[in-house]
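Open the model in your viewer and colour it by chain. The stops below go from one selection to the next.

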Amino acid sequence: MLIRKHPSVMIFLALLAVFTIAVTLMSEAYGSGVVPTSTVKTLGKTLCLALAAVAMDLVWGYAGILSLGHMAFFALGGYMIGMWLMYARTGEIVAATLANAPIPPTAEELRQGITSQIFGVVGSADLPLTWSFAGSLPMQLLLVLAVPGLLAFLFGWLAFRSRVNGVYLSILTQAMTLALSLWLFQNDNGFRGNNGLSGLQNIPGLTEVPQSVISIWFLWASALLLAGGYLLATWLTAGKFGSVIRAIRDDETRVRFLGYPVEGYKLTVFTISAMICAAAGALYYPQAGIINPAELAPIASVYLAVWVAIGGRGRLYGAVIGAMVVSLLSSWFTGGRAPALDLGFYRVEWVNWWQVLLGLGFVAVTLFAPRGLSSLMDALAGLRPPRRLGADLGPDVSALREKEAEA
Amino acid sequence: MRHLLLSLLLLAAPAFAQDLASVLDANRAQIERPSRQTIAPVIEALAAAGPQAGPVLEAWADRRLGLAGDRFVIVQGDGAVDAVTGTPVPGDVQVLRPNSGVRGVIGAVLVQFQLNDPETTRRAAALDAIARRPDETHLAALRAAAADPDPALAARKARLERLLTIRFDPDPQARIAAIEGFSGDTGADLQAVLNPLLATSRIAAPAIPESANIAAELTLGDDIPEDEAYHLLVASDLAPARLASDAQKQALAAHVVDGAVGGVPVAELSDPARRDAAYDALAEAGLVPPAATAAEAEAALAAHRFADVYTEPNPEITDAARRALRAMALRQGTQQAADLALDALSLASIYFLAAIGLAITFGVMGVINMAHGEFIMMGAYTGYVVQTLIAGRTLSLVVALPAAFIVTFLAGVVLYRLVIRHLVKRPLETLLATFGVSIALQQIAKNIFGTQARPLTAPAWLEGSVGFGEIVSISTIRVAIFVLALLFLGLFLWIMKRTRLGLEVRAVTQYPGMAASMGINPDRIAMLTFGLGSGIAGIAGVAIGLFAKVTSELGSDYIVQSFMTVVVGGVGNIWGTLAGAALIGFLQKGIEVMNPANTLAAQTWMILLIIIFIQFRPRGIMPTRGRAAEA
């Protein structure tokens with residue numbers, strides 16, 4: 001039903017499957033080994049970022065809420081899974097060390113050993129309250145969704161009920177992510193301050209399995225999650241719910257007067273998108289291996305918006321394209337592999353100039369192609385955006401312009 | 001003490017009992033090999049031998065008194081002089097080495113001489129020495145010394161005498177009177193005297209003795225953790241030591257027999273209860289010493305009381321000291337609050353300077369300029385470049401301010417013409433496009449100036465600080481920034497209320513369509529406004545660069561706070577921006593006081609408070625009213 005209505009979903013899923021199978025066949029673990037393990041990890045991480053972009057597109061492209069704090073949810077998801085990874089992995093190491101002692105260790109001694117291993121860096125001897133469930137994978141998996149979901153719910157509830165919107169909301173979300181990152185930076189809050197959580201690429205119980213195999217498993221998981229998230233987002237935006245949130249984006253006041261509980265819709269979409277983001281983060285950080293509060297810097301969330309804008313907002317595949325193209329290009333340029341451009345009088349080293357290119361390119365996209373890269377798809381399909389020239393006919397931004405009215 | 005008073009009487013007598021030479025001769029053996037118990041009469045006799053004896057005692061205490069043959073000599077540099085006549089003495093000197101006890105006795109007597117020395121500097125030095133290491137004998141010496149002719153020294157002496165009274169006077173009433181006499185004083189020396197009076201020690205006893213001066217009785221668990229309480233019991237020999245788990249583990253490991261300890265298999269020892277059982281079995285077999293069980297420990301804890309007890313036994317004195325300290329803390333608190341208010345004011349003026357340009361562009365045009373922070377950075381780098389070109393610091397600063405304004409004004413105009421003009425109808429996209437400009441500008445600055453911080457040095461007359469009293473002080477740069485902020489407030493008000501440009505800007509803000517039909521070009525006005533806002537950002541950059549490091553990230557450090565200032569204050573109203581800056585500045589400093597070690601926490605709480613504040617005033621402290629508010 002969903003697929004019949006949206007053929008693009010089928011195409012997207014097929015492309016994703018082809019991509020995953022191709023990478024698997026070229027990987028070191030299951031194939032020819034053309035693609036090195038580090039690249040497999042980069043690709044897996046990119047899929048997670050694409051999912052975060054889908055979540056961003058859901059709130060921004062569909063509901064018109066420009067949240068500049070979504071990376072906070074992404075990183076929170078990473079922190080939640082990182083706690084279990086680090087705790088369980090340290091537990092294995094401590095247990096192995098203590099097993100050599102003549103007397104087997106008590107549960108309390110094990111916990112003490114783990115705590116001093118993890119928190120010795122920040123000079124703390126007690127396991128913080130926030131780590132109470134760190135030993136249990138199901139609990140932490142639940143928290144991956146619950147903590148960011150709750151934060152998004154509370155924040156959204158406070159913001160939407162007092163009718164904070166537009167630019168104000170964007171600034172407020174920036175403030176939220178800044179506050180959270182500053183909070184995590186403090187050593188005494190139980191998240192190891194600026195050390196962050198590290199060694200996350202070592203999966204507890206899988207010490208024997210080489211990283212090349214684990215990276216492929218994570219690629220599969222990321223692809224599955226992206227497919228799932230994409231389907232969920234399509235389902236949400238396809239039905240009546242989707243129509244209402246698009247209507248809110250275009251004219252909030254009118255929807256409110258039509259009797260829809262605008263705040264409820266906005267809160268729902270904001271919370272769901274935060275949870276999708278968190279799930280993506282929970283898969284991203286085990287592949288990255290380390291997470292620290294710098295990941296929550298306000299700029300990171302703005303980049304997320306940049307990806308969606310470049311890809312084309314208001315289209316889920318646009319968000320995926322934007323995130324993949326920009327983040328892969330970014331790692332190509334900043335990885336030093338891009339050939340330098342010799343202008344005769346100046347040698348452009350892309351490591352130094354990529355940011356400039358990205359910034360200016362972004363300005364160009366905003367100015368000339370508001371639909372981003374996905375307008376290429378439109379061009380292929382023969383769709384052209386209306387030329388919105390001339391002054392407004394009516395009082396609103398969304399009103400038809402003079403020239404459009406004539407056509 | 002009695003001897004000392006005696007010697008003072010003798011000192012005052014017109015004729016000296018014996019002259020110095022005969023005293024030295026008479027006590028030769030004692031002086032050569034002094035002992036703390038028997039030396040006192042000798043020293044008193046010496047002290048009574050007239051003013052000449054001063055240098056001798058001093059030399060003796062300094063280990064500079066020696067024997068050359070049978071004459072007492074004082075070593076001075078490389079040579080030596082006769083102790084009595086002062087004539088140089090050639091030959092070998094055998095230096096006397098009195099022990100520290102003896103030197104203490106000598107020192108106490110010596111103070112007498114020094115306090116009555118005709119030389120003012122010597123008397124001051126004596127007072128310094130007493131203040132540094134006060135001791136019981138000094139009190140009598142101070143009281144007995146003749147009134148000082150120098151009024152400043154006399155005052156110091158009187159103060160010192162009262163301080164010593166608090167510490168050493170045998171009469172509690174005199175001590176209390178001295179403490180109360182100091183009311184209104186916040187001196188560090190007084191604090192140093194009062195604090196030790198309130199020193200406490202923790203005691204455990206079956207019942208707290210009646211005589212003890214109790215600071216607080218401790219309840220188990222609340223005031224004192226049970227572990228600590230039990231350690232206290234063990235330390236006071238009131239209970240046997242409990243077995244530490246490490247010691248237990250070692251004892252168990254030492255007695256593993258055939259994979260079992262005391263009949264308990266090793267594999268089961270991961271359970272603490274089984275460990276206790278194994279240890280008990282070992283103890284019964286006499287292999288390890290018995291340890292207190294948990295029940296015994298609990299009983300011991302229940303049978304004892306715990307308290308913090310003042311070392312000072314007299315409760316009246318501790319009460320007086322506590323009262324005095326509390327009053328002192330209150331006075332200091334007031335001064336600190338004043339200091340803090342100054343700090344907050346300077347922070348507020350920095351935020352105001354950083355935000356004022358933003359308020360103009362945001363308020364007047366509804367345009368969010370994310371590159372605003374980069375304009376601040378641009379201004380700071382302009383200041384740096386001007387400084388490298390012009391040597392004189394004052395001159396370079398004078399040139400840098402307008403230069404920064406011009407550079408950022410032009411940058412603002414270019415940004416407006418190229419980008420913002422095309423996005424006027426799409427405010428959210430302006431936000432994103434200017435963000436793109438911001439990351440490009442940041443990277444370009446990094447490519448040109450490198451990543452390390454560049455210095456922007458203030459002229460000499462801006463260094464140093466302005467102070468009022470002991471605690472309240474503020475650096476001159478911050479005063480200058482405050483003045484600059486006031487200046488800009490004035491300038492802004494003048495432009496808006498008194499010039500043609502201001503009139504047109506207000507018209508365009510309120511109703512662009514109507515303004516246009518009255519012959520105002522809204523596009524030109526918007527461009528000029530944007531340039532003005534950017535130019536002010538540039539000047540703010542120079543000001544911020546004077547006290548912060550100039551790096552390419554300078555702007556992004558201030559951008560979120562600047563936005564907060566504008567949003568909290570209310571868009572489109574300069575007084576709102578001022579109020580917002582003041583609120584944020586004072587809030588941040590205020591929270592920092594609650595948790596001085598942690599400025600990160602202060603910022604976190606401030607942002608949270610602002611988010612909550614927005615709940616109640618979504619349009620800021622001073623919301624715009626009328627037609628413009630709906631745009």
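In what order do the four strands of the open sheet in chain B stand? The order is E3-E2-E1-E4, with antiparallel pairing, in this predicted model. Select strand E3 (79–82) and strand E4 (94–95) of chain B: these stand at the edges and have a single partner strand each, so one side of each lacks a neighbour in the sheet.

Next, select residues 65–68 and 71–76 of chain B, which are strands E1 and E2. Four bridges join the two strands in the antiparallel sense. For one bridge pair, pick B:Gly66 and its partner in E2(B), B:Val73.

Move to chain A and colour 2–372 as domain 1 and 378–407 as domain 2. Taken over C-alpha atoms, the centres of these two domains of chain A are 36 Å apart.

Within chain A, go to helix H8 (residues 211–238) and pick A:Ala221. A:Ala221 counts as partly exposed because it has 16 C-beta neighbours inside 10 Å, a count between the limits of 12 or fewer for exposed and 20 or more for buried.

The last stop is the interface, where 40 residues of chain A are in contact with 44 residues of chain B. On the chain A side, select helices H7 (167–185), H12 (298–311) and H14 (350–368), the elements that give two or more residues. H7(A) gives the most, with 13 residues. By class, this side of chain A has 29 nonpolar, 10 polar and one charged residues.

Technical notes
Residues are numbered from 1 along each chain as its sequence is written. Chains are lettered from A and ligands numbered from 1 in the order in which they are written. This is a predicted model: local features need pLDDT of at least 70, side-chain atom pairs count only at pLDDT 80 or more; totals for chains, interfaces and linings use all residues. Two strands pair if DSSP finds at least two bridges between them. Domain bounds come from an automatic or database domain assignment. Two residues are in contact if their C-beta atoms, placed from the backbone, lie within 7 Å. Ala, Val, Leu, Ile, Met, Phe, Trp, Tyr, Cys and Pro count as nonpolar, Asp, Glu, Lys and Arg as charged, and the others, Gly among them, as polar.
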